Structure formats: C-alpha cells, structure tokens
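Reader: I have a structure to read. Can we take it feature by feature?

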Amino acid sequence: MRRSLQPYEFCVPAAADQVRTARRQVLSVLGPGHPCADSVSTVVSELVTNAVIHGSGAGDRVRVKVRLLRGSRVMVAVTDSGGGSGSGPRLRFGGAAETNGRGLFIVSALAEQWTVQSAGAGHRVRVVLAPGTDEGFCEGTKMVGDLATFPEFADLLSDVDGV
C-alpha cells in the first residue's frame with residue numbers, strides 16, 4: 001500500500017477543471033485501499049478549490065505535495081501563488097443559507113492537524129491525516145470539539161445534545 005516516504009510534488013494550472021486532476025494524482029500516490037483515501041480526496045478538493053478561487057490569478061499554478069508518513073498517515077500541502085483576490089486561508093463557517101465558506105472547516109474536521117503558512121506571495125495549507133481521525137465526524141464529536149474553540153459558533157452548539 002505504501003510506496004514511499006518521499007514526498008511527491010506536482011503543479012496544476014489555477015483553473016477549476018484542475019481540481020479533479022489534482023485529486024486523482026494524489027490518490028494515485030496513495031494507491032488503492034489506503035485508509036485515508038476518502039479524507040485525502042476531500043481535503044485535496046477543498047484546498048485546491050480554495051487556491052484556485054481565492055489564492056491564485058489567471059495563468060498561475062497551484063503546487064500540491066503529498067507525503068506518505070508512518071502509520072498510514074498522509075501529509076498534504078497545497079500552495080497558491082498569492083495572485084488571487086483572497087487575503088489568505090481562514091477558518092470560518094458559512095451561515096445555513098450560504099453555499100460556500102465551509103472548506104477549511106471541513107478540512108479541520110478531517111485533519112489530525114493542519115497549519116497555514118506564508119509561502120512567498122502566497123499561502124501554504126499543510127494537513128496531516130491519519131486513519132480514524134474522521135470517525136466521529138458523522139456523530140459530531142470532532143466537529144463539536146472544533147466548534148467549541150470558536151465563540152462565534154456558540155449558537156450552533158446550542159442544539160447539540162450534551163453540550
């Protein structure tokens with residue numbers, strides 16, 4: 001299942017139709033049956049989409065790096081060029097009527113850990129995923145823990161049992 005602990009890096013044009021290409025390339029590095037495949041697929045889709053929409057301009061490229069770690073853990077890093085209109089990746093939760101704004105919230109729910117760093121004029125989001133870190137997602141356990149650290153989400157917690 002594990003091919004190498006060496007990182008695999010590639011770039012895709014900063015275009016919406018390249019999100020699928022990036023996702024496929026990362027999944028091919030993991031190989032079939034990797035326990036983090038679903039989470040990695042979601043994270044790559046969210047991060048590359050954000051880099052294309054907010055962090056890169058026309059004609060720019062988005063850099064994707066994946067590294068297989070011990071214990072079937074996976075590190076994914078996506079770097080934008082900084083040529084877009086966004087001020088940098090930030091965690092927020094869109095309101096119930098909004099159709100976007102949840103990307104990093106989803107990433108944080110799936111990740112063992114994640115960081116945002118400056119990378120030249122752009123930004124790099126680095127995510128480490130581990131088998132089982134998203135097991136509680138459907139039941140809300142990890143999500144509730146994440147929400148509890150953000151006072152602006154207190155109204156969302158009021159409907160959750162046991163909080």
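Reader: Where does Arg 70 lie?

Author: This is a predicted model. Arg 70 sits in the loop between strand 2 (61-68) and strand 3 (74-79).

Reader: Is Arg 70 buried or exposed?

Author: Exposed means over 50% relative accessible area. Arg 70 has 61%, so Arg 70 is exposed.

Reader: Which residues does Val 19 touch, beyond its neighbours within four places in sequence?

Author: Val 19 is in contact with Ser 45, Val 48 and Thr 49. Take Ser 45: it is 26 residues from Val 19 in sequence, yet 5.9 Å away in space, C-alpha to C-alpha.

Reader: What is the strand order in the sheet?

Author: The order is 1-2-3-5-4, in an open sheet of five strands with antiparallel pairing. Strand 1 (8-13) and strand 4 (113-119) are the edge strands, and each pairs on one side only. On average, neighbouring strands are turned by 15° against each other, direction ignored.

Reader: How many bridges join strand 4 and strand 5?

Author: Seven, in the antiparallel sense. Val 116 stands opposite Val 125 in strand 5.

Reader: Which strands does helix 1 lie across?

Author: Helix 1 lies across strand 1, strand 2 and strand 3. Helix 1 runs at about 165° to strand 1.

Note on methods
Residues are numbered from 1 along each chain as its sequence is written. This is a predicted model: local features need pLDDT of at least 70, side-chain atom pairs count only at pLDDT 80 or more; totals for chains, interfaces and linings use all residues. Side-chain values use heavy atoms; hydrogens and water are left out. Contact means heavy atoms within 4.5 Å. Helices (H or I, at least four residues) and strands (E, at least two) are DSSP runs, numbered from the N terminus. Buried means under 20% relative accessible area, exposed over 50%, partly exposed in between (1.4 Å probe, protein chains only). Two strands pair if DSSP finds at least two bridges between them. Axes are lines fitted to C-alpha atoms, for helices over the stretch in contact, and angles run from 0 to 180 degrees between N-to-C directions.
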